[in-house]
Amino acid sequence: NLIKDALENLEIEINDIALEHPEDLKNGDYSTNVALAIAKSVERNPKELAEKIIKKLNKNLPEEISKIEIAGAGFINFYLSRKFFANSVEEILNKAENVGKNNVRSNQKIMVEYTDPNPFKPFHIGHLMTNAIGESIARILEHSGAVVSRANYQGDIGLHVAKAIYGLLKNEKLQSKSGSHNLQATNIGQAYAHGAGAYENDENAKKEIDEINKKIYERNDEKINKIYQWGFDVTMEAFEDLYKMLGTKFDFYFLESQMAGIGEDIVRANIGKVFEESDGAIVFKAEKYDPKLHTRVFITSQGLPTYEAKELGLTEEKFKTNLDMSIMVTATEQIDYMRVVAKAISLINPEHAAKMRHITHGMMRLASGKMGSRKGNTITGESLLNDVRDAILEKMTDREFSNEEREKIASDVGVSAIKYSILKQSIGGDIVYDFEKSISFEGDSGPYLQYSYARANSVLEKAQKENILPDPHAFPSEIFEVEKLLYKFPEIVFRSASEYEPHYITNYLIEVARAYNSFYGNMIIVNKEDKTSPYKIALTYAFTFVMKTGLHLLGIEAPKKM
RNA sequence: GCCCUUGUAGUUCAAUGGAUAGAACGAAGCUCUUCUAAGGCUUUGAUGUAGGUUCGAUUCCUACCAAGGGCACCA
């Protein structure tokens, strides 16, 4: 508004004023390029124009701005005042863990579907990736006022189940009911791997597995039904243990077997309108509507609904919960397939299609040669979590904790190491997961963020012991870099929410942590001799609120000690 | 062949059309009688190629080159 007024004073009209934070704090806290943008149209030199604008601006400067400067080709840079930063610290203290909340999506009902592991198959690191991204997006949307429901869609029937059961039948030891569900689920995963291999390489095994598959559908074999029920329950329980560790609590579990009939009905009801017969199958020729799309089969020539048809059923079921938006998080390999399905839905129920959003992420690849001891490249989520946790426990040997505390912290730090390496980059591309790096806990890592938080908490503990209360009014003249970052948190959350991109938060937290660690390293914060110590303590509180809330939005716990 | 995504330091990633393209890892050095050294402070390096639009391009457009994914009865 100040800039607008100044321009109006100069009889220049402009609707779109770009105001941004300069990358380098040396260039002020806010900056505008209006002088550059309009110089040409008003036929004036940008620098001259900027000078004039500054002159006008300086006539009624609010106390939040300490100075305005012209720089570079004609940028106008604003420097916020000491008072402004002290005020923003105070505001963060008042908001505490509500810092960064906005109401852009207030009361919108949003369902987020993510993770989607299949019973009878291992929970691999790809599931870990989808889970980390989905959970973070869910939490970011909640912070923007949405009412979020979390959904998990799982393939409880199909060839993969038959492969696992085949493996179990061939090796009865794997059917052992002793030990944790995790252990039993691991055995089933092994059975699956055996069955999958046999299906590829052994003609007889293939026949046998197809036979088992039929029996599973028909539910007419007592022995297989029993194994199925046990296997289903135990793998689902094992997933549940992982979700608990990862910080996810699902509200809805959709099963493919239940979506099949619903989807099939929808397809059959729309033959002629949307779908057509081709070579005995029922297909959707999406290229008729969009040359970039292609034909897909919805009901096979055998009369069985495909995944595409089930997706229609799933969408129908989801919207029964009365949604404003339905988000799916999957790997990017599903993108073209999902576009075709979305097109079909748009023809059947345009309202639903308009509210759907598909967020896709790349693959989790492993840095070559770093996973040495593990065989193949199918690393389960559990084994990765365990390995990381063990590495952390080793690092914690010099800290004093009860066994229970130690386990919990190691688990939280481990999850953070993994989630951080997933969420630090924008979600389109592949992620190269480097095991060694993720447990190095240095610099660019989740544990680094948690460590900064834990140290700040120690500062606060000491302040309490020494009876020094935080006071946002006792500020020194110096403005610390960490303050110049803290007040931006709400903007960062807002951007993450509008772009569905958690990495803005991740990168921001690293910057803030670095600034705080530098602040921490350069002075003694809790110091009775220092009159501004109460302010520094207030600043530390503000840091902990932002860090804790930011980590929460990433789906990461913030232990007070580690 | 067609469609989608991505090409940035040695490596892994950032950068609403803006300023001297940011970090981290790696490498070299300094730093714990102080609130957790999983820390802090120094030093060192990049926009795939060729055009175009623009006052200004890593960003937008076109072509080429390279990598990944997808393209009918699997999920």
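Helices (H or I, at least four residues) and strands (E, at least two) are DSSP runs, numbered from the N terminus. This is a predicted model, in which local features need pLDDT of at least 70 and side-chain atom pairs count only at pLDDT 80 or more, whereas totals for chains, interfaces and linings use all residues. Residues are numbered from 1 along each chain as its sequence is written, while chains are lettered from A and ligands numbered from 1 in the order in which they are written.

**Chain A overall**

- The secondary structure of chain A comprises 21 helices and 14 strands, and the C-alpha trace spans about 85 × 65 × 40 Å along its principal axes.
- Of the 562 residues of chain A, 40% count as buried, a residue being buried if 20 or more other C-beta atoms lie within 10 Å of its own, exposed if 12 or fewer, and partly exposed in between, with C-beta atoms placed from the backbone.
- Two residues are in contact if their C-beta atoms, placed from the backbone, lie within 7 Å; among contacts in chain A between residues at least 6 apart in sequence, 75% join residues at least 24 apart.

- Helix α15 is mostly covered, since 15 of its 21 residues are buried.
- Helix α20 (residues 503–522) has 20 residues and reaches 29 Å from its first C-alpha to its last, close to the 28 Å expected.
- The buried residues of α20 are I505, T506, Y508, L509, V512, A513, A515 and Y516, and their cover includes α15, α17, α18 (481–486), α19 (489–499) and α21.

**The α17–α21 pair**

- The axes of α17 (residues 446–465) and α21 (residues 533–553) come within 10 Å and cross at roughly 145°, where axes are lines fitted to C-alpha atoms, for helices over the stretch in contact, and angles run from 0 to 180 degrees between N-to-C directions.
- On the α17 side, L449, S452, Y453, A456, N457, V459, L460 and A463 meet I537, T540, Y541, F543, T544, M547, K548 and L551 of α21.
- By class, this contact of α17 with α21 has 11 nonpolar, four polar and one charged residues, with Ala, Val, Leu, Ile, Met, Phe, Trp, Tyr, Cys and Pro counted as nonpolar, Asp, Glu, Lys and Arg as charged, and the others, Gly among them, as polar.

**Around RNA strand B**

- Of the 78 residues around RNA strand B, E20, T300, Q425, G443 and S458 come nearest, a residue being near a strand if its C-beta atom, placed from the backbone, lies within 6 Å of it.
- The surface near RNA strand B has 32 nonpolar, 27 polar and 19 charged residues.

**Loop residues**

- Most residues other than glycine have a negative phi.
- N107, in the loop between α4 (82–95) and β5 (109–113), has a positive phi near 65°, and it counts as exposed because it has 9 C-beta neighbours inside 10 Å.
- D279, in the loop between β8 (276–278) and β9 (281–285), has a positive phi near 55°, and with 7 C-beta neighbours inside 10 Å it counts as exposed.
- S81 lies in the loop between β4 (75–80) and α4 and counts as partly exposed, with 17 C-beta neighbours inside 10 Å.
- Leaving aside its neighbours within four places in sequence, S81 is in contact with E63, E64, I65 and S66.

Definitions and conventions
Expected span 1.5 Å × (residues − 1).
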